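Trainee: Could we go through this model together, a few residues at a time?

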Amino acid sequence: MFTGIIEEMGQVSRIRNGIKSQQLSIDAPKLVPLLRKGDSVAVNGVCLTVLDKSETAFIADVMPESMMRTSLAALRLHSKVNLELALRSDSRLGGHFVLGHVDGVGKIEKIQKDDIAVRFSIDAPPSIMSYIIEKGSVALDGISLTVVSFTEHSFEVSVIPHTMAQTNLSLKKVEDLLNIEVDVLGKYAEKFLAPTNRTNHTSSVMDWSFLSENGY
């Protein structure tokens, strides 16, 4: 689990392509001393496992599922990537709960200066937009951000100067792809409130009657 607070911008130093997978080597001199084999690390919001490391770089595999669902397949040599170590139990939760399980990919449709901030408009598929709410949390390339507005097909975030300076958003252009992870709390709420088939195979929703029948 992560928080969406980026700790370092790493750089892709090697890519080994498999049939449907990749192995990435990422330079990250600040974080590598803190990593051990088997640790989880978020790379552009995708949870990967450290296979090995050198003094300044670590190696991780990207499985076919991640290649298909995320933008990691678009990485090239020297690409800058957002990195975050897994959340410790004694750490502050500065962003929001980010699992590193990307829900889909969005495309930047507009970048606009707004005084000291920069506003990004992201075109996203319906499967993403159904979980987007105003002032809700969303992770873009692993960065915890707040939705400031949305339409049927897109949403907008406003990025502070510190985040622009510390992440790869400063390098993004219109039509670039971003990994999107929606707030997991919204997905659980939908699951609990949606019609379900109980043991008697009757359809129901979580209402007062359902809660009473189940001892609440």
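This is a predicted model: local features need pLDDT of at least 70, side-chain atom pairs count only at pLDDT 80 or more; totals for chains, interfaces and linings use all residues.

Mentor: Gladly! Residues are numbered from 1 along each chain as its sequence is written, and side-chain values use heavy atoms, with hydrogens and water left out.

Trainee: Is threonine 3 buried or exposed?

Mentor: Threonine 3 sits in the segment before β1 (8-17); strands are DSSP runs of E, at least two residues, numbered from the N terminus. Contact means heavy atoms within 4.5 Å, and beyond its neighbours within four places in sequence, threonine 3 has contacts including Glu84, Leu87 and Ser144. Its relative accessible area is 5%, so threonine 3 is buried.

Trainee: What distance separates the C-alpha atoms of leucine 140 and leucine 178?

Mentor: Leucine 140 belongs to strand β9 (residues 137-140), and its relative accessibility is 1%, so leucine 140 counts as buried. Not counting residues up to four places away in sequence, leucine 140 touches several residues, among them Phe155, Leu178 and Ile180. Leucine 140 and leucine 178 are 38 residues apart along the chain, and their C-alpha atoms are separated by 6.0 Å.

Trainee: How does phenylalanine 97 count, given its 35% relative accessibility?

Mentor: Phenylalanine 97 lies in the loop between β6 (80-85) and β7 (104-114). Its relative accessibility is 35%, so phenylalanine 97 counts as partly exposed.

Note on methods: Helices (H or I, at least four residues) and strands (E, at least two) are DSSP runs, numbered from the N terminus. Buried means under 20% relative accessible area, exposed over 50%, partly exposed in between (1.4 Å probe, protein chains only).
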